[in-house]
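I set out to read this structure element by element and to keep a record of each look-up.

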Amino acid sequence: MAVAIKISNLTKKFGDLVAVDNISFDIEQGEIFGLLGPNGAGKTTTLSMLSTMLRPTSGFATINGIDIEKDEDGVRKSIGIVFQDQSLDEELTAWENMDFHGRLYRIPADIRKQRITELLNLVELEDRKDDIVKTFSGGMRRRLEIARGLLHHPSVLFLDEPTLGLDPQTRNHLWQYIATLAKEKGITIILTTHYMDEADRLCNRIAIIDHGKIIALDSPKNLKDGIGGDVVTIKSPDPEAIVAVLTEPWITRVERHLDEVNISLQNAEQHISTIVTLLNTHRVPIESIAIHKPTLEDVFLSFTGKTIREEEADHKMNMRMYQRMVRH
Amino acid sequence: MDIIYTIWLRNMKRYVRSKSRIIGSISMPLFFLLFLGFGLNSVVQLPGLGGNYIVFLIPGMVAMSVLFTSVFSGIQIIWDKQFGFLKETLVAPVSRLEIMLGQTLGGATTAVLQGFMILVLSVFIGLRISSPTGFLIALGFMVLIGISFTAFGIAIASRMEDMTGFQLIMNFVVFPIFGLSGALFPISSLPAWIAPLTLLDPLTYGVEGIRFGLTGVSQVNPVACFAVIGGFALVMTVLGAFLFRKIKL
């Protein structure tokens with residue numbers, strides 16, 4: 001497989017804040033690649049650099065062999081972007097938004113017309129093409145933006161939080177589109193998300209990013225297998241006692257997180273009664289107990305010691321402190 | 001050129017659809033014209049300027065209409081920034097100069113159209129255009145005012161994060177520019193210490209240019225008017241383009 005995107009020691013600093021910290025990886029052609037991490041982890045900054053919107057502080061990256069700093073227009077022609085925040089002109093119709101884009105990318109009139117029809121059909125907006133975007137729902141807008149991002153036939157498509165703020169049904173629908181696109185058109189897709197299930201379902205490979213660093217990079221399956229089997233979560237007022245008691249050899253991992261303990265083991269169903277018995281004999285109180293197959297959330301937790309939601313709360317607090325410092 | 005046209009086209013589409021904006025921005029100069037014009041027509045004497053205050057006021061109101069519409073059109077890119085559309089334009093493989101020029105021409109066109117509407121309405125309250133050449137001269141000055149102040153609006157918008165500063169700019173920059181321009185009264189009637197200020201105001205030359213075209217009389221030499229407002233348009237375009245280039249998202 002050919003390499004579509006090559007990232008090498010890419011770093012972006014804003015003053016003292018290191019938003020992207022020396023990341024390196026390759027993305028192959030036709031791959032759906034996910035950047036997964038909490039808000040503020042550096043996902044959007046990475047995309048901004050790759051799409052030439054932001055200059056890296058150091059390091060370099062190429063898209064289809066084109067250097068992002070040396071040939072901005074070359075990169076821009078070969079990429080399509082769907083931004084995290086909406087970027088449509090609400091006063092124009094769906095068709096006019098597409099047409100504007102086509103003209104900006106200098107697509108000849110006849111080809112432009114044909115492609116717009118084709119893409120609006122693909123995202124099922126053909127019947128609404130002459131309606132003003134203001135009247136569109138969130139999901140329709142997203143679909144229109146994806147169609148627009150594909151109009152100039154980019155070989156790489158960036159999707160920044162493509163399903164943020166959409167209802168579960170629309171989200172499912174969009175995932176299908178994205179998967180079909182990658183399969184049928186052979187486009188390389190890079191998407192950022194902080195939805196674990198989204199990354200899990202769509203991506204061939206995932207880079208988990210936290211505080212600007214890549215902390216894990218593999219296929220969703222390998223990442224979850226790395227956890228060491230099923231996950232048993234036990235909630236208790238005395239979590240330390242659980243860690244002390246559960247020392248059986250068939251337990252691959254025991255990690256305490258707040259008032260919970262996460263235990264990884266193969267065939268959890270068979271061992272659950274043993275675990276309960278063990279805890280009872282040692283008089284460890286149990287509030288609740290749950291078994292589930294490992295998710296990317298568990299992967300994230302095992303790498304960072306925090307859930308993605310806690311990371312986001314921390315980040316918000318840091319940002320607030322940072323802003324306060326800047327203000328004074 | 002095709003990119004400039006694309007941006008211009010978008011501006012035109014948005015303009016045609018914003019009926020309330022069209023009517024809203026005609027109404028103020030029109031009310032000025034009716035209330036001030038008819039109200040003061042019998043009391044105001046204008047020796048050497050035709051004597052008729054309404055006819056004196058018309059070029060000023062045309063200029064006012066162009067001025068306010070163009071500043072507003074330029075500043076509108078703040079909305080594009082806030083609603084995200086600017087990103088879509090800036091990430092395309094086109095130069096920022098083309099985007100800025102398209103925006104300037106789009107804004108100037110809407111401004112001239114607004115001024116033109118005041119001009120047409122003025123015919124009903126006593127405007128007699130001296131000659132087709134005079135009309136074209138007036139139109140030319142309207143275009144130059146439109147370009148100058150759209151570019152001025154873009155320059156300001158490039159440095160502003162949101163619309164909170166808009167009222168401030170309107171009250172402390174745009175309104176004085178309008179007030180000092182001789183749109184409402186002959187600049188010669190001002191006290192000696194203010195007169196130099198009016199000559200520092202670029203709009204003065206625009207208003208006088210339009211006035212020369214429409215009525216054949218002006219207090220400033222029309223060639224000088226053309227040189228000053230033409231030069232100002234050029235400087236503003238360069239400044240606007242420079243600041244627009246540096247926009248960060």
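**Entry 1. Conventions.** I worked from a predicted model, in which local features need pLDDT of at least 70 and side-chain atom pairs count only at pLDDT 80 or more, while totals for chains, interfaces and linings use all residues. Residues are numbered from 1 along each chain as its sequence is written, and chains are lettered from A and ligands numbered from 1 in the order in which they are written.

**Entry 2. Domains of chain A.** I found two entries in the domain assignment of chain A, domain 1 (3-223) and domain 2 (228-293); such bounds come from an automatic or database domain assignment. The C-alpha centres of domain 1 and domain 2 of chain A are 41 Å apart.

**Entry 3. A four-stranded sheet.** I then looked up an open antiparallel sheet of chain A, whose four strands follow the order 12-13-11-14. Strands (E, at least two residues) and helices (H or I, at least four) are DSSP runs numbered from the N terminus, and two strands pair if DSSP finds at least two bridges between them. Strand 12 (251-257) and strand 14 (288-292) of chain A are the edges, each pairing on one side only. From one strand to the next the twist averages 15 degrees.

I checked the pairings of strand 13 of chain A. Six bridges link strand 11 (residues 230-235) and strand 13 (residues 260-265) of chain A in the antiparallel sense, and Val231(A) has Ser264(A) as its bridge partner. Strand 12 and strand 13 of chain A are also antiparallel and joined by six bridges, with His257(A) partnered by Glu260(A). A hairpin is formed by strand 12 and strand 13 of chain A with two residues between them, and Leu258(A) in its turn has a positive phi of about 55 degrees.

Which helix lies across this sheet's strand 11, strand 13 and strand 14? I noted helix 10 (residues 268-281) of chain A, running at about 30 degrees to strand 11 of chain A. Axes are lines fitted to C-alpha atoms, for helices over the stretch in contact, and angles run from 0 to 180 degrees between N-to-C directions.

Entry 4. A residue is buried if 20 or more other C-beta atoms, placed from the backbone, lie within 10 Å of its own. Strand 6 pairs with strand 7 (residues 156-160) of chain A in the parallel sense over four bridges, and Ile79(A) has Val156(A) as its bridge partner.

**Entry 5. Chain B against chain A.** I recorded 18 residues of chain B in contact with 21 residues of chain A; contact requires C-beta atoms, placed from the backbone, within 7 Å. Helix 1 of chain B gives the largest share of chain B's side, seven residues.

**Entry 6. Helix 3 and Arg211 of chain B.** Helix 3 of chain B is largely enclosed by the rest of the structure, because 22 of its 23 residues are buried. Is Arg211(B) buried or exposed? Arg211(B) counts as buried, because it has 30 C-beta neighbours inside 10 Å. Arg211(B) lies in helix 10 (residues 202-215) of chain B. Not counting residues up to four places away in sequence, Arg211(B) touches Pro59(B), Val217(B) and Ser218(B).

Methods. Two residues are in contact if their C-beta atoms, placed from the backbone, lie within 7 Å. A residue is buried if 20 or more other C-beta atoms lie within 10 Å of its own, exposed if 12 or fewer, and partly exposed in between; C-beta atoms are placed from the backbone.
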